[in-house]
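These are my notebook entries on a structure that I looked through one feature at a time.

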Amino acid sequence: MRAVLHRSLIAVSCSAVLFVWTGDAFALVRTAKAPTTTKKKVVSNVTVLGPVVKCHHWGFMQVQLKVQKTEVTSASGKPQVSIKITDISWPVYPDHTPKSKYINAQALPLLQQETMQLQASSGAKLVNVSGAAHTTVSWRTSLQGALARALTA
């Protein structure tokens, strides 16, 4: 009888110890799932100009972007910035000769369309427009400058 009582007492005390440990484990899981950081999200619409770039001997090129800038700041204080291009225009472009007017009337809308499509795919590159290599290079340079300004604006 005494042995049965002793075994029962050991079983109850072991169960109590296991219950306490399990309770602590559940408390840890609840703490881990609780949100520990608060995020602050700021969305703004920004218009930026790229640099004016010489387009070989044809003239100058400048790209203007309208972007939606999203800045998410976590508790660590380091913001993550992402931008989405909503509109592209070109306030300055080579148009001082009939040939440059003809080329850019076709090339600039293509570059605009391709730029808008490329922002959805990662790692894609802007392809040269046939017959408008100088315009494409100048567009790309001004676009890079405008995107850099959009990140810091």
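I looked up Thr135 to begin with, and at 5% relative accessibility I count Thr135 as buried, where buried means under 20% relative accessible area, exposed over 50% and partly exposed in between, with a 1.4 Å probe and protein chains only. Thr135 lies in helix H3; helices (H or I, at least four residues) and strands (E, at least two) are DSSP runs numbered from the N terminus. Setting aside neighbours within four places in sequence, I found Thr135 in contact with Cys55, Met61, Asn104, Leu108 and Leu111, contact meaning heavy atoms within 4.5 Å.

I note for the record that this is a predicted model, in which local features need pLDDT of at least 70 and side-chain atom pairs count only at pLDDT 80 or more, while totals for chains, interfaces and linings use all residues. Residues are numbered from 1 along each chain as its sequence is written, and side-chain values use heavy atoms, with hydrogens and water left out.

Next I turned to the strands. E3 and strand E4 (residues 79-92) run antiparallel and are joined by eleven bridges; two strands pair if DSSP finds at least two bridges between them. Gln68 stands opposite Lys84 in E4. The hairpin of E3 and E4 has five residues between the strands, and there Gly77 takes a positive phi near 90°.

I also checked His56, which is found in the loop between strand E2 (53-55) and strand E3 (59-73). Phi of His56 is near 50°, a positive value in a residue other than glycine, and at 43% relative accessibility His56 counts as partly exposed.

For aromatic pairs I took rings of Phe, Tyr and Trp (its six-membered ring) with centres within 6.5 Å, calling planes under 30 degrees apart stacked, over 60 edge-to-face and the rest tilted. By this rule I count one aromatic pair. At 0% relative accessibility, Trp139 counts as buried.
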